[in-house]
Amino acid sequence: MFELSPDHEEFRALVRDFAEAEIAPHVAEWDRTSHFPADLIPRMGELGMFGLVVPEEFGGTRKAEGAGADEGGGDFTMLCVAIEELGRIDQAIGITLEAGVGLGINPILNYGTPEQKARWLPDLAAGRHLAGFGLTEPEAGSDAGGTTTRATLADGTWTVNGAKSFITNSGTPITSVVTVTARTGTRDNGSPEISAIMIPSRTPGFTVDPPYHKLGWHISDTHGLAFEDCQVPEDHLLGARGKGFAQFLATLDDGRIAIAALATGCVQRMLEEATAYSKQRLAFGKPIGTYQGVSFQVADLAVLAETSRLLTYKAAWLKDEMDAGRRSTQEVKQAASIAKLYTSEAAVTATRIATQVFGGNGFMEEYPVARFYRDAKILEIGEGTSEVQRMLIARGLGLPS
Amino acid sequence: MNIVVCVKYVPDTQAERTFNASDNTTDRVNVDGLLSELDEYAVEEALKIVEAGEGVVTVVTVGPAQASDALKKALQMGADKAVHVIDDAIHGSDALATSLVLAKAIEKVGMPDLVLTGMSSTDGIMGVVPTMLAERLGLPAVTFASDLTVGADSVTARRDGDAASQTIEAALPALVSVTDQINEPRYPSFKGIMAAKKKPVETWGLADLGLSADEVGLDAAWTKVTAFEARPPRQQGTIVKDEGDGGGKLASFLAERKFI
Ligand SMILES: Cc1cc2nc3c(=O)[nH]c(=O)nc-3n(C[C@H](O)[C@H](O)[C@H](O)COP(=O)(O)OP(=O)(O)OC[C@H]3O[C@@H](n4cnc5c(N)ncnc54)[C@H](O)[C@@H]3O)c2cc1C
């Protein structure tokens, strides 16, 4: 009951081999120079990482839309396994896969027309291209309904004006498209009508701002985006007009579980690093792990890793069961928020503990715990802050909002 | 083009390795094992040849139950089918006996156009099985190929030596052992993992190959490991203090160890 299938474990071993041999040796340098390794993405694609939730007809390995692993193809849990294993080596590489699938692929997969799917998905599922999703704006984050970007339709063409902030995978050399939410009108009750529109990279009027100076996730690609009379054909509307925001919210649950997998990889790595270091570092003539002040902290890391993993894979399993029609959306929502909230806070705690166990070395970039310490904080912010998760969990309990 | 690749299951070079105290053989059962890294190059080369044209890649291993992991990896990379020769009597076989078992297994598979092997195993590191096997099968042996071109009825291989590179041609069918310079072995993929589960794996014992227990195993071996000893733990590094003569000290340190 409490273990993944042999297929999941086999894929985990493959991703681990790949991450340790092909990624680990480079991440310190890539992080230092804020280098996005565009060549690595197609190689991750060759292993099948981007196609696990994409049906075979669009170049992925899922047997059919909504089919589970019991039918011999990819599933959401398999994706979480890959994200956890990448995240154990480097969080920014992990988020590149997480956002590539959760924000790039999922909206097209869930709401695209057959033509849109056929046009964009095969390259995305193969890791040849990346896509982004732009919801957040300079003045609208947690309150994403406050979107001020506008799109107007005339003569079969959308004209988009506005700006987006912090959009992952939006400016890499292999980014093919960014889907953005925009106001497309006003409803009868005066509230904004928000839709989603796909803007191919290099469309005139679509500017990718220079990269941010970030605290962490240096390897991940994040940009502000500006749209000035940016025009795309009418058929670039993704999903139904006026449904963009609601549809996006619906795809966020997967993303939250996937972020939990990323956080679990972080906690797991901190456990491994702190365990090894506390056995080998001597102070007062003995390994520091001899002292309860240290060993208790390492024990706490083991508890954090275990609880993070259980919450993550319970939620992932629920999501796969929901796809197979056996569980409700409500159950998945609640489990996703609980997992995201708990594991992201666990990751921040775990990096703080590991850095403490490493003493002065923990503050030095020569040791990976320093990078993980910087990388962990964003887990409590992106794809819904901890406060937002608590709001959602409370709402799920039926509390008045 | 039908290709047989001989692959070996070996202890992970990264992990603890040990010998069996009772008979001084390598412990392949109680340690973490995997497909010998040097054999991955042979599997990759076979896959490339078949992908560029057509044919079937069959991987063959001789080894204990765990050796099926080596076959699985090769199948996940893309090989079409596998043969596992497993028999308690094979335990302790030397290179001569191993080549005998492999030859019989390959004959039973059906003589291929090409037999590929790694240049040596990462555990025994003898590198003699390929030539012995070629001799038994009556095939020309081209060893240590760092580049391979396959024609309709011949292969051309490059052998890189210290001073010169040789280009060698052999008529097919032939046996070629390949080095770690020949290609970059692929990783399996999710698709490969799922596909491998459905690929045929044959399991044969000595009797299936018309061999008897006294032709193989420890007792039939021409060589014997008489003793083994763990390598002494690594010495602490030497710190050379520069008192104006640091360069000289460094040079003599290196010279003592025959590095310069
Ligand atoms: C590296 C990075 C990558 C990102 N990638 C993407 C991306 O690809 N696509 C995308 O659309 N966005 C992306 N984001 C944006 C991210 O999702 C938002 O930053 C996040 O949702 C928070 O929004 P905000 O920054 O506007 O904060 P705000 O909404 O301004 O929140 C500020 C603080 O107020 C709290 N708060 C707000 N409202 C409430 C409330 N009602 N009750 C209690 N507390 C509240 C918040 O929890 C937070 O602590 C990314 C961000 C970063 C840093």
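Q: What percentage of the 401 residues in chain A is buried?
A: A residue is buried if 20 or more other C-beta atoms, placed from the backbone, lie within 10 Å of its own. In chain A, which has 401 residues, the buried share is 52%.

The model is predicted: local features need pLDDT of at least 70, side-chain atom pairs count only at pLDDT 80 or more, and totals for chains, interfaces and linings use all residues. Residues are numbered from 1 along each chain as its sequence is written, while chains are lettered from A and ligands numbered from 1 in the order in which they are written.

Q: Why does chain A count as compact, and what is its radius of gyration?
A: Chain A has eleven helices and ten strands (DSSP runs: H or I of at least four residues, E of at least two). For 401 residues the globule rule (2.2 Å times the number of residues to the power 0.38, against a radius over C-alpha atoms) gives 21 Å. Chain A comes close to that figure, so it is as compact as a globular protein of that length, with a radius of gyration of 21 Å.

Q: Which element of chain A gives the most to the side that touches chain B?
A: Twelve residues from chain A and seven residues from chain B make up the contact (C-beta atoms, placed from the backbone, within 7 Å). On the side of chain A, the elements that give two or more residues are α1 (6-23) and α3 (40-47). With five residues, the one that gives the most is α1(A).

Q: Which strands are the edges of the seven-stranded open sheet in chain B?
A: The strands of this sheet are parallel (a pair needs at least two DSSP bridges) and follow the order β7-β11-β6-β1-β4-β5-β12. An edge strand pairs on one side only, as do β7 (141-145) and β12 (201-204) of chain B.

Q: At about what angle does helix α1 of chain B run to β6(B)?
A: Helix α1 (residues 37-52) of chain B lies across β1 (3-6), β4 (57-62), β6 (114-118) and β11 of chain B. Angles run from 0 to 180 degrees between N-to-C directions of lines fitted to C-alpha atoms, for helices over the stretch in contact. To β6(B), helix α1 of chain B runs at about 150°.

How values were computed
Contact = placed C-beta atoms within 7 Å. Buried ≥ 20, exposed ≤ 12 C-beta atoms within 10 Å, placed from the backbone.
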